[in-house]
Amino acid sequence: MSSKTPIRTRTVSIIYNGDSGEFPYAAHQPVRALLKHALGAFHITANRHLMSLYDADGTELLDESTLEKAGVKAGDELILRQSVVKGG
């Protein structure tokens, strides 16, 4: 029997068009990595470059930031939608 403590995976909920999913993440991970994962999970193939993640307050998370610097915490609810900035 192992005495190791199980590693708890941090997850966030991402909502897209009324659907939601749980996504594991690491604090040091770039926002763009979680975004890419969500785009694949929600089968988004068109205009992927226009999509962004937003926090519950509606603030867009910068792709080049880390999730920790963006203020993302385990259990947070993020929204996947088209970026106003990227879309023009």
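The following paragraphs lead the reader through a predicted protein model, from its overall layout to individual residues.

Residues are numbered from 1 along each chain as its sequence is written, and side-chain values use heavy atoms, with hydrogens and water left out. Because the model is predicted, local features need pLDDT of at least 70 and side-chain atom pairs count only at pLDDT 80 or more, whereas totals for chains, interfaces and linings use all residues.

The protein contains two helices and four strands, and along the sequence these follow the pattern β-β-α-β-β-α. Helices (H or I, at least four residues) and strands (E, at least two) are DSSP runs, numbered from the N terminus. Of the 88 residues of the protein, 34% count as buried; buried means under 20% relative accessible area, exposed means over 50%, and partly exposed lies in between (1.4 Å probe, protein chains only). The protein exposes about 6,000 Å², of which carbon and sulfur atoms supply 52%; accessible areas come from the Shrake-Rupley method with a 1.4 Å probe, and for residues only the protein chains shown count as cover. Among the contacts with a separation of 6 or more, 60% are between residues 24 or more positions apart, a contact being heavy atoms within 4.5 Å.

The interior is the next topic. In soluble globular proteins, nonpolar side chains tend to be buried together. A nonpolar core is a set of buried Ala, Val, Leu, Ile, Met, Phe, Trp, Tyr and Cys residues joined through side-chain atoms within 4.5 Å. The largest one here has 19 residues, of which Val 12, Ile 14, Leu 34, Phe 42, Leu 53 and Leu 80 touch the most other members. At least two residues of this core come from each of strand E1 (10–16), E2, H1, strand E3 (51–54) and strand E4 (77–82). H1 gives the most, with five residues.

How are the buried residues of H1 arranged around the axis? The buried residues in H1 are Val 31, Leu 34, Leu 35, Ala 38 and Leu 39. They cover an arc of only 140 degrees around the axis, which puts them on the same side of H1; the arc is that of the directions from the helix axis to the C-beta atoms. An α-helix has 3.6 residues a turn, so residues three or four places apart point the same way.

Leaving out residues up to four places away in sequence, Phe 42 touches Ile 14, Tyr 16, Asp 19, Ser 20, Gly 21, Phe 23 and Leu 80.

A search of the whole structure finds two aromatic pairs. Rings of Phe, Tyr and Trp (its six-membered ring) pair if their centres lie within 6.5 Å; planes under 30 degrees apart count as stacked, over 60 as edge-to-face and the rest as tilted. Tyr 16 and Phe 42 form a tilted pair, 5.6 Å centre to centre with 50 degrees between the planes. Tyr 16 lies in strand E1 and Phe 42 in the loop between H1 and E3, so this pair ties together parts that are 26 residues apart in sequence. Phe 23 and Phe 42 form a tilted pair as well, 5.9 Å centre to centre with 45 degrees between the planes. Since Phe 23 lies in strand E2, this pair ties together parts that are 19 residues apart in sequence.

The loops complete the picture. Gln 29, in the loop between strand E2 (19–25) and helix H1 (31–41), counts as buried because its relative accessibility is 18%. Asn 17, in the loop between E1 and E2, is exposed, with a relative accessible area of 65%. The phi of Asn 17 is positive, near 50 degrees. Asn 47, in the loop between H1 and E3, has a positive phi of about 55 degrees although it is not a glycine, and it is partly exposed, with a relative accessible area of 46%.
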